[in-house]
Amino acid sequence: MLGAFQVEIDDKSCFTPDPPKERTVLALLALLVNRIASVDTIISEIWGNEPPKTSVATARTYIYHLRKIFVKRLGAPGAELLVTRIPGYLLRLPAEAIDANVFCDLVTKGRQLLDAGRPEDAAVTLREALGMWQGPALGNVPLGLTLSAYATFLEEERRRARELRITADMRLGRHRELISEIRSLVAGDPLNEWLSAQLMIALSRCGRRGEALGVYADLRNGMETQLGLDPSQALQRLHYQVLVADQQTLVFQ
């Protein structure tokens, strides 16, 4: 799910259902793994509020095709993966067979390690989590309401994992190594105060106060022009600390 949706078998081969709507159905079943996806939920995900009269029969056809694929790829065990459970269908897999579940568990673990004062272990764990991504969440799946919300959630978790990993690296004193990465992130999200603050701190701690002050000026100008707002009090305090070269209390909170 962390990129183009596909099914991997024993890390040796992979496949993706060709018909887009079948891909949507399988992605929805994977999201609800070991829980029942009702026929109504499937229909709503595919057609929204205006399903065709043949929607129930068509949804059942998609399920039938998916079962055939599983049997073709896995033999007899494939018939046990997708089962009928009133009022719908259930995909039976270990939760850890879904990459998004593994990713979310790693992010939780990384956050806990950081809170426990173990930034090195947190950084390793969060790098592992972020390394699982291959592109935009469910990038090749036509998204209905449920899958769209889930893809948004995953992208937010990805952003949070990146912020936690940057925080861990900052605590480890890796400011110089972080500058180019954070600068690139700021370029893509120029009104993000947190990212600009981290870039200001990293630059200042590398003796590049002028550049740090320039980052603040760019953010302030952008916020005034696009939002009609001033930077937050926290960012203004950080700006003052950089201005007076107060390296001991460079914080953004």
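E181 is partly exposed, at 26% relative accessibility (partly exposed lies between buried, under 20% relative accessible area, and exposed, over 50%; 1.4 Å probe, protein chains only). This is a predicted model, in which local features need pLDDT of at least 70 and side-chain atom pairs count only at pLDDT 80 or more, while totals for chains, interfaces and linings use all residues. Residues are numbered from 1 along each chain as its sequence is written, and side-chain values use heavy atoms, with hydrogens and water left out.

The structure holds 12 salt bridges, each a side-chain nitrogen of Lys or Arg within 4 Å of a carboxyl oxygen of Asp or Glu. Three of them are tabulated here.

| Salt bridge | Distance, N to O |
|---|---|
| E163 and R160 | 3.7 Å |
| R165 and D169 | 3.0 Å |
| E181 and R165 | 2.7 Å |

E181 in helix 7 (residues 175–188) and R165 in helix 6 are 16 residues apart, and their pair links distant parts of the chain. Helices here are DSSP runs (H or I, at least four residues), numbered from the N terminus, as are strands (E, at least two). R165 is buried, with a relative accessible area of 6%. R165 and D169 both lie in helix 6, four residues apart, about one turn of the helix, and both are buried. A network of salt bridges links E120, R127, R165, D169, R174 and E181.

Within helix 6 (residues 145–171), E163 and R160 are three residues apart. E163 is buried at 15% relative accessible area, whereas R160 is partly exposed at 35% relative accessibility.
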